[in-house]
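Take a first look at the chain below. Then follow it from its overall layout to single residues.

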Amino acid sequence: MTQRVDLATVMDRLAIDDLVTDYARALDEGDWDALRRLFVPGGRADHRSAGGITGDAHQVTAWLAGTLDAYPLRQHLVVNRQLRFADPERGEREAARMRADYRTVLGAAPDGRGVAPDVECGGRYAFALVRTVDGWRLGEVVVKELWRRHGVPSGAP
């Protein structure tokens, strides 16, 4: 592998890492317009394993907004990221897949805002990523929730 190819791979990896971080940040901050812009036109998401819906980015973002707005405090941690390009042996870097674990904490604000009980859950994301003229974007996000706890006290580890 040449140094130029290595640099391109590093740059792609950093851009994809930023994209996935932007996804988590948009969820935490309730920036639904920013979340929609992370998807390619026609991009889809599947949150059925977490009790949600599957659909295009607009449908799922609307569902997320309605669901997550009950939790003023949100933190999505996305870790153990494993990235694979479509066919790196042939130099194809127009598509990639990332598998990553997540841990999410949702809760009421200290002033009592929020109507839902605190929730903590974890699982795995499967991201299908596409290079566009605007950079890397999400083609698909599939959530596989593996565990969930309700009524987690504030400040719990």
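The paragraphs below go from the whole fold to one helix, then to a pocket and a few residues.

This is a predicted model, in which local features need pLDDT of at least 70 and side-chain atom pairs count only at pLDDT 80 or more, while totals for chains, interfaces and linings use all residues. Residues are numbered from 1 along each chain as its sequence is written, and side-chain values use heavy atoms, with hydrogens and water left out.

Start with the whole protein. It has three helices and six strands. Both are DSSP runs numbered from the N terminus: helices are H or I with at least four residues, strands are E with at least two. Along the sequence the pattern reads α-α-β-β-α-β-β-β-β. Of the 157 residues, 40% are buried. Here buried means under 20% relative accessible area, exposed means over 50%, and partly exposed lies in between (1.4 Å probe, protein chains only).

Now turn to helix H3. Which residues of H3 are buried? They are Ala57, Val60, Thr61, Leu64, Ala65 and Leu68. These residues sit on the same side of H3, because they cover an arc of only 140° around the axis. That arc is taken from the directions from the helix axis to the C-beta atoms. The face turned away from the buried side carries the exposed residues His58 and Gly66. At the N-terminal end, aspartate 56 caps H3. One of its side-chain oxygens lies 3.0 Å from the backbone nitrogen of histidine 58.

A pocket is found on a 1 Å grid over the protein atoms alone: it is an open set of points with protein on both sides within 12 Å along at least five of seven lines, where a cavity is a set in which a 1.4 Å probe fits but cannot get out. Lining residues have an atom within 4 Å of a point. The largest pocket has a volume of about 280 Å³. Grid points are joined across faces, edges and corners, and the volume is the space filled by probe spheres set on the points. The lining has 17 residues, and Ala50, Trp63, Leu68, Leu106 and Arg148 lie nearest the centre. H3 (57–68), E4 (92–107), E5 (119–132) and E6 (135–150) each supply at least two lining residues. H3 gives the largest share, four residues.

Aspartate 46 lies in strand E1 (residues 39–46). It is buried, with a relative accessible area of 12%. Its side chain makes a polar contact with the side chain of arginine 48, at 2.6 Å. Such a contact is a pair of N or O atoms within 3.5 Å; within protein, one must be able to donate a hydrogen and the other to accept it, and residues adjacent in sequence count only if both atoms are side-chain atoms.

Tyrosine 125 is in strand E5. It counts as buried, at 3% relative accessibility. Its C-alpha atom is 6.3 Å from that of lysine 144, 19 residues apart along the chain.

Finish at asparagine 80, in strand E3 (residues 73–87). Is this residue buried or exposed? At 56% relative accessibility, asparagine 80 counts as exposed. Its phi is near 50°, a positive value in a residue other than glycine. Most residues other than glycine have a negative phi.
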